[in-house]
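Please read them alongside the model.

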Amino acid sequence: MKTVAASSPGKLLLFGDHAVVYGYPSVVTAVDQRMMVTITESEKDGVMYDVLGSDTRFLDAALHTAQLLWGNISHIAVQTKSQFSEKLGLGSSSAVTVSFLFALSEYLSKPLKPIELFNAAYKAVLFVQGVGSGFDVAAAVYGGTIRYVRGGKEITSIDASGLPLVIGYTGTKADTATIVKDVKKKYENNKEKVKRIFEAIGGLVDQVMPRLVDKDWERVGKFMDFNQEYLRDLGVSSEKLEALILAAKNAGALGAKLSGAGGGDCMIALVTNDIRRSVEGAIEKAGGQVIRHASSGAEGVRVEP
Ligand code: MEV
């Protein structure tokens, strides 16, 4: 029986959270925690799912998008397997969408260019979520570390290999769509202030780019702290995020910030190898869960043997 498997990585926003929704640049890195989708030929009519949890909205939207591209798709069984929990906010929805569309394109021998795959997956994700810049889709497709502008207007690969990150999970899943809508309300009610914050975040992304390439982690860490200050001003941080960020900083982290929508999910800290252990310990002592074995700059979507 014919079978094709594809996997894609999770993501972390390094810089530009929220501002990216308003057209400002961001920096996103792919993490090597992967989401795999396997398609197997089936004798049964239709498309059968054997998936994690009961939420098949992203698979349904991806299938619908694929059918618009290639016509009716039938006689397949779809299985998903993940190296990370969907609760972490590491981008499981976009990763499953990208992996499924890529696996389908391979299964049907209908090759897609990366930008075509990005466009199709972004459309499917937007259909389900209603909001989102698409940075998570770009990370899943392209991998590595990229400078990203909403809708894929810019997807530029940056060599930031070896970025020494510690990831701390707050234990709370963030409701991204609600937080993005709350920020929109703030923007509409106080355009001047919120625009100033976004402009500052966008400016910071421009300044940090050469530092990332030079691997000047001390400066990169400072920019993380600045970015966190702006996100705090925006009102999207939480007590738990702040506790983990403070613990990491007190243990010597070069910089620390929330990553993503805020309100929960993960924080990230930039470290040097000699202080990694103490930063991890401090995050755990403050009640966080350290996500180990998740390095940045992971490979984008790929076929699995
Ligand atoms: C959420 O993970 C990150 C936001 O910037 C939303 C988005 O870019 O889609 C808040």
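**Notes on the ligand site and a salt bridge**

1. The shell around the ligand comprises 6 nonpolar, 5 polar and 2 charged residues. Here Ala, Val, Leu, Ile, Met, Phe, Trp, Tyr, Cys and Pro count as nonpolar, Asp, Glu, Lys and Arg as charged, and the others, Gly among them, as polar.

2. This is a predicted model, in which local features need pLDDT of at least 70 and side-chain atom pairs pLDDT 80 or more, while totals for chains, interfaces and linings use all residues. Residues are numbered from 1 along each chain as its sequence is written, and side-chain values use heavy atoms, without hydrogens and water.

3. There are 13 residues around the ligand (a heavy atom within 4 Å); His18, Val20, Gly132, Ser133 and Phe135 come nearest. An oxygen atom of the ligand lies 2.6 Å from a side-chain N or O atom of Ser133, and a ligand oxygen is 2.9 Å from a backbone N or O atom of His18. The protein covers 94% of the 300 Å² of accessible area that the ligand has on its own (Shrake-Rupley method, 1.4 Å probe).

4. Salt bridges (a side-chain nitrogen of Lys or Arg within 4 Å of a carboxyl oxygen of Asp or Glu) number 15. One of them joins the side chains of Arg276 and Glu280, at 3.8 Å from N to O.

Methods
A polar contact is a pair of N or O atoms within 3.5 Å; within protein, one must be able to donate a hydrogen and the other to accept it, and residues adjacent in sequence count only if both atoms are side-chain atoms.
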